[in-house]
Each structure stands twice: as structure tokens, then as C-alpha cells.
Amino acid sequence: MNATSYYLTTLLVYLGVDILAVWALNLQYGVSGVYNFAFIVFQAVGAYTAGVVTLGSPSQNGGFQHYILGWHLPYPLPVIAGGLVAGALSVPVGLVALRKLRTDYQAMVMLVLSVIATLVVENVTGLFNGPAGLSLIPQPLTNGVASSSLNYQWLYVGITAAICGVVYIFVHRVTSSPLGRALRATRDNEAAAEALGKDVFRLRLFIFVFGNAIAGVSGAVLVQFIGAWSPGSWLYVETLVVLTAIIVGGTGNNAGVMLGALLVPLAFNEATRYLPTIGRPGLIDALQWIVIGLLGLVFLWFWPRGIIPERRRRFARQAARTGDAPRAGEPQLADPVV
Amino acid sequence: MTTTLREDAPSAGAGGASALLHVQDLRRDFGGVWAVDGASFAVARGAITSLIGPNGAGKSTVVGIVGGAIRPSSGQVIFDDEDITSLPPHACARRGLVRTYQLSSEFAKLTVLENLLVAAPDQRGESLATLVFGKRHWREQEERAVIRARTLLERFGMGEKEDEYAGNLSGGQKRLVEIMRGLMAEPKLLLLDEPMAGVNPTLAREIEGYLAQLAGEGLTMLLVEHELEVVERLSQAVVVMALGRVIATGTMAELRSRPEVLNAYLAG
């Protein structure tokens, strides 16, 4: 029973992290048409940042790890720091990649950035302990509760859910507002949006920074749960898993991509654990990447809008909140009703 | 060489105090070929000025430069007494110079109503304050914009289509959406690049009627159009371009008798 509960709570935390990730990338790719193939880098930035501002001095534990900062900030500052640093690093990247380049070239730049970032972190060992990565990252809010206990597992599920709730408020404020509409317009026709007064570059830079800050938060939440982070955790193909989740769930739809997060990174990955071993060891894992790629292609080909497609925004004609007819000269309410 | 056929033409020509737009000696080359080679004209306030010319005359390049999408090699664009040469398109639009495109440019996955709402100027809901304050920051302004958009939709006979995805409309309906979208942006000058191209004759006549109405209400328009009968019916002044230059300006009736115009365009 305990083992099942541990497994369940672990899955729920991973689901929360994946949901944060798909919301963030959906804002960029699904809502705004920004092809951020370096998404996983910013999740990693958040994870490393949260790690090095939680771990304390590198000299502890025999000094076997080498990393920058070595602070010991109280919770939830490491999570906030993860988001802020990921967002801040997005600014110079966005200034270079989003200003002049067409979206297909943006995608190439991001992919290259993702590969370079992994190489830098692996080779500059003083940053985040090189290929071995960070470990023994303390879990937050453990006062009086053993971090290995089931109660703590559920506490962390609660923390993750609360963070998801707060992030959703901001995500929803973007997607349901005229800001989200302007972003969708730039996605559909960049030149026409520009000709109607939209500063497409600034809009894209904003969503790039905002989405990557959420990615950073998701990395911070994950690293404080699992206690370790290394270059193997954020290979460039991980971005494709998040992207596939969005395509499967429903590009541009916050609820749809949540479903995608449940189906692709979580359910699909977990289901393969129960497959019987066939062929050489590791074959199933290797096939997993291929199948995720094929899943994305199949959906793009036959079901491009995903399982829960982007919503059609309709506007109410009547004063829906009060039920009263608007008085003469008074504007009618115009909430999107779906 | 520019030939001004009528000194008192309401637009075009050398412009004058009433001109909203002055294009002065614009030049633009692409790989050594001068697409625009010293074009000058003006657009008077409150009337339709048409820009005509054979294919390759440089009309689209001029439109691109005026709208901010193309940088000129030299020359100036003065709009409402401000030099807007080389300003980006969004900055031109925010000053009231709004353009439509030769090819359909709807926001396909937005509804018709949303297409119009995107164009509403100075939207509070597009600022970052939306993240902090949420809907209360922009709700009232949005309500007013929706009412304005619906008024436009009714006027253009598209009220029933407000919830339809713009990408599902017919070619002619997309043109109407673009014009309405342009109007929603509260333009001082509406730059229409072949608004009737590829539209069936009935709807083209309908669009022509709307443009005449808008001109009657005092909206300034610069119209790029190939149908000379339409140009004649709508325009108070016409600018003729050929080989990157303005070769004549005046009314359509006057231009029909000019040999250089006939040679460059009308006979061809």
C-alpha cells in the first residue's frame, strides 16, 4: 500500500511539473507560434538555479561537488529564483533569435542552443558539477517531517498543486485577454498583425521570457523533489516530448495540453515500464523516443488540432452577470463565454 | 517625369496644405534594379486617391514603403506632418496609417469578431499590467470595442458571421473582414491594396459601394486598383506609375487622353 502511495505521489508531482511545462511551451508554440526548441534548457536553468541556491556551500559533504553560488535560501525563494533566472536568460536569447529570423530559422537557433548548453554545462565543471550534476539537494519544508515519509510526499504534491494553481492564474490572464488574442494574431499572420499596430517582436519576446520563466519554475519544483539534476536530465529531445504532449492534447488549449501532459510524458512513459523485455536491454527505451516522434507526426497528419482543440472565443450579447438588459448608452458585457 | 494635369485636383499632384500623405522622391532598388525611381505624390484628406500602373510599375513597393514594410533607399514619407520614413509597420499603424494586403491576410484561427477586435487601437488588455490586475484592467474597454466591432459587422452585412473562423470565409468575405479590420483600427489613412482582387463581380460591386460610402463620410483612402472603371467611379484623383516613376496625376477622365499614360498603361 505504501509503495503504491509513493508511486502515486511521485507520479502526481511529475504530472504537475509536466503540466507547468506544457502550459509554458503552449504559450510559446501553441498560442504565439514561437518555435522554442530550447525549451528544456530553461527548465534546466530553473532546476540548476534552485539547486545551487538551496545546497549551501560547495565545501560541505566533503566538497565532492563544485558549483556556483552555494547559497541556502529559504523556501519558496529557490523556486522564484529558478523562474526569474530562466526568464532573465531568455532576454538575450530572445533579442538575438526573435528579432530578425523567420520562425523556421528560430527553431534551428533554439535547437543549436540546446545542444550547446548541454556541452557547456558538461565541460565547465565549476558551474553545476559537470556531467555528474548536482545531488543531495535538500527538499524544502522538511521541518518536523521526514522527507522520506509518505506524509511529506503528499505535502509535496500539495505544494506542486499550489504552484500549478498560481501559475495557471497568470497563464489564463494571458490567454483569455486581448494580449493572448494579439499573440494568436501574430501566430496566424505576422505581417497583418504588424500592419494593425502590433509590435510583433516585443510580443514574441514577452511570451518567450514569460514561458521560459514558467519552465524555470517547473525545473525548480522537480529538482527539489528528486534532489538531483545532471545534463542527462535535459537532453534536447526532452523538448520534443513536451511538444508532442501539446500536439496530442490540443495546441493552443490550456486544458488540452494538460491532457497531453497526462497522456504523453506520464502515461505513455509509465506504460512502457510494464512491457516485457524484448530484444537487447534498452531497446524499449530507445523505441520510446521513436514512438513519441511518430505519435507527434500521426497527430499532425490526421488530427492536427489535437484531442481538445483550441477554443472558439464567443462573446456574450447580454448582461450575463446580472441578467439585466443594459441601460441605454451602457456597454454590453462581452465576456468570452467558452 | 511627373505631369500634373490639374492644378486644383483634390489630391495627388504636389499635394498642398490639405494633403495627409506626402511621398517625396522615393527610390528603392532591389539588387541594382530600381523598383521605385523617384516617385512623388500626395494624398488629400477626405478623399480616395488611386494608384494605378502596369505590372512592375512599382506600386506594391511604394505601398510597402509607405506602410513601413520596405525601407526606401532614399526619399521621404510625410504622414500627417510627421516624417515616418523607415518607421516599422506597427509604428505607422499606431499613427493612423493602416493598410490591407493584396492577398488575403485574415487571422485564420480567430473568429471574425476577434479579427476586428485585434485591430482596436491602444488596448489596455495588451499591456503587461494585465498579468497583475487581470480582467478588471481591460474589461470596460473591451466591451466598448465589441460594440464597435458588432456595429461594423452589421454595417457590412457580416453580423451573422461573427463567430465563424475567418479562415473558413469565402475570398470576398475575407476582403470585407480586412476592410472592417482596417476601420476598427481608427485609421486616418486607409491604404487598400487591390481590395477587389479575386472577388466575384457581385461582391466586388458591394465592396465598391462600401468604399464610396466611407469616402462620403470623409475617410481618406489610397487605393491600388487595376479595374479602371472602379478607379474612375471612386477616385477624386489618380496617380499613374510606370517603371518606378509617377508619370501623371489627375482625374481618370483627364488621364485617358494623355498619350504617355496610354502608352504606359491604358493601351497596354
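This is a predicted model: local features need pLDDT of at least 70, side-chain atom pairs count only at pLDDT 80 or more; totals for chains, interfaces and linings use all residues.
Guide: Two strands pair if DSSP finds at least two bridges between them.

Visitor: Which residue in S2(B) is the bridge partner of B:Arg27?

Guide: In general, strands of a sheet pair through backbone hydrogen bonds, either parallel or antiparallel. In this model, B:Asp37 of S2(B) is the bridge partner of B:Arg27. Strand S1 (residues 19–30) of chain B and S2(B) run antiparallel and are joined by nine bridges.

Visitor: In what order do the four strands of the open sheet in chain B stand?

Guide: The order is S2-S1-S4-S5 (chain B), with antiparallel pairing. Strand S2 (33–44) and strand S5 (82–83) of chain B each have a single partner strand, so one side of each is left without a neighbour in the sheet. Helix H1 (residues 59–67) of chain B lies across S1, S2 and strand S4 (74–79) of chain B, and runs at about 120 degrees to S1(B).

Visitor: How is chain B divided into domains?

Guide: Chain B comprises domain 1 (1–106 + 188–268) and domain 2 (107–168). Taken over C-alpha atoms, the centres of domain 1 of chain B and domain 2 of chain B are separated by 29 Å.

Visitor: Which residues touch the most other members of the largest nonpolar core?

Guide: In soluble globular proteins, nonpolar side chains tend to be buried together. Here the largest nonpolar core has 172 residues, of which A:Leu20, A:Val22, A:Trp23 and B:Val240 touch the most other members. Helix H9 (residues 200–226) of chain A gives the most to this core, namely 16 residues. Domain 1 and domain 2 of chain B both contribute residues, so the core lies between them.

Visitor: How many residues does each chain bring to the contact between chain A and chain B?

Guide: Chain A brings 29 residues and chain B brings 37 residues. On the side of chain A that touches chain B, helix H6 (150–175), helix H7 (178–188) and helix H8 (190–195) of chain A each supply at least two residues. H7(A) gives the most to that side, with seven residues. By class, the side of chain A that touches chain B has 14 nonpolar, four polar and 11 charged residues.

Visitor: Why does A:Gly227 count as partly exposed?

Guide: A residue is buried with 20 or more other C-beta atoms within 10 Å and exposed with 12 or fewer. A:Gly227 has 15 C-beta neighbours inside 10 Å, and therefore counts as partly exposed. A:Gly227 lies in the loop between H9 and helix H10 (237–249) of chain A. Among the residues that A:Gly227 touches are A:Ser135 and A:Gln139. A:Gly227 and A:Leu134 are 93 residues apart in sequence, yet 8.1 Å apart in space, C-alpha to C-alpha.

Note on methods: Residues are numbered from 1 along each chain as its sequence is written. Chains are lettered from A and ligands numbered from 1 in the order in which they are written. A nonpolar core is a set of buried Ala, Val, Leu, Ile, Met, Phe, Trp, Tyr and Cys residues joined through C-beta atoms within 7 Å. Domain bounds come from an automatic or database domain assignment. Two residues are in contact if their C-beta atoms, placed from the backbone, lie within 7 Å. Ala, Val, Leu, Ile, Met, Phe, Trp, Tyr, Cys and Pro count as nonpolar, Asp, Glu, Lys and Arg as charged, and the others, Gly among them, as polar. Axes are lines fitted to C-alpha atoms, for helices over the stretch in contact, and angles run from 0 to 180 degrees between N-to-C directions. Lists of a residue's contacts leave out its neighbours within four places in sequence.
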